[in-house]
Amino acid sequence: MTNAPDGSKATPLRTRALYLIISALGVLLAGYAFLPVAAPWEFVFLDTLIAPAEVPAALATMTPGQKEVHIWASWLLDLPYPLFYWGLFGGLIVRGLPSRAGMLIWVPRAAFASDILENTLQTFMLLGTDGLVGVKTAVTLLKFKLYALAALIALTALIALVLRGVRARGQG
């Protein structure tokens, strides 16, 4: 067992600067990778829709090809994206706010879980399963709120790291 704030044996790796840099680059690359997929296929990712009326309307306008591309993009792009932001936010929280990490680490974990649940629900919807619009929009809204909260906590952790570094240089 480990004495890491979040109970994880991965904590030493997760808090290394190189891991955080790779996670940040992964967030940027995976995030921008959605653009060349959606533009030529001319559809809006269901991940971005939170109004219940928008989801069935978007589904109704999609061709079978667009739905297939959406499914592939959901699992080839929107699986790495939450993995990278979980790594980045989780690593910053553990490194920057170690005394509170045990409690705060659950926010990016919950954002990650809601993102994966959203992908699963969307896949079923894109394959023709009806009756999931309400659940999907609730999960999407939850995902956005948790992601924003996780990003805010990670930013706070980054500020704490910078302040510690400035103080250490001032004393050294």
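**View 1. Helices α6 and α8 pack at an angle of about 175°.** Helix α6 covers residues 80-96 and helix α8 covers residues 106-126, with axes 9 Å apart. Axes are lines fitted to C-alpha atoms, for helices over the stretch in contact, and angles run from 0 to 180 degrees between N-to-C directions. The two helices are therefore roughly antiparallel to each other, a label for angles over 145 degrees. Helices (H or I, at least four residues) and strands (E, at least two) are DSSP runs, numbered from the N terminus. This is a predicted model: local features need pLDDT of at least 70, side-chain atom pairs count only at pLDDT 80 or more, and totals for chains, interfaces and linings use all residues. Residues are numbered from 1 along each chain as its sequence is written, and side-chain values use heavy atoms, leaving out hydrogens and water.

**View 2. Residues of α6 meet residues of α8.** From α6 come Pro-82, Leu-83, Tyr-85, Trp-86, Phe-89, Gly-90 and Ile-93. From α8 come Pro-108, Arg-109, Ala-111, Phe-112, Asp-115 and Ile-116. These residues divide into 10 nonpolar, 1 polar and 2 charged. Ala, Val, Leu, Ile, Met, Phe, Trp, Tyr, Cys and Pro count as nonpolar, Asp, Glu, Lys and Arg as charged, and the others, Gly among them, as polar. Contact means heavy atoms within 4.5 Å.

View 3. Gly-128 follows α8 and has a positive phi, near 110°.

**View 4. Trp-106 is found in helix α8.** At 53% relative accessibility, Trp-106 counts as exposed. Buried means under 20% relative accessible area, exposed over 50%, partly exposed in between (1.4 Å probe, protein chains only). Trp-106 and Gly-90 are 16 residues apart in sequence, yet 8.7 Å apart in space, C-alpha to C-alpha.

**View 5. Lys-143 lies in helix α9, residues 133-171.** Lys-143 counts as buried, at 6% relative accessibility. Its side chain makes a polar contact with the side chain of Glu-118, at 2.9 Å. A polar contact is a pair of N or O atoms within 3.5 Å; within protein, one must be able to donate a hydrogen and the other to accept it, and residues adjacent in sequence count only if both atoms are side-chain atoms. Not counting residues up to four places away in sequence, Lys-143 touches Asp-47, Ala-111, Ser-114, Asp-115 and Glu-118.

Methods. Angles under 35 degrees count as roughly parallel, over 145 as roughly antiparallel, 65 to 115 as roughly perpendicular and the rest as oblique.
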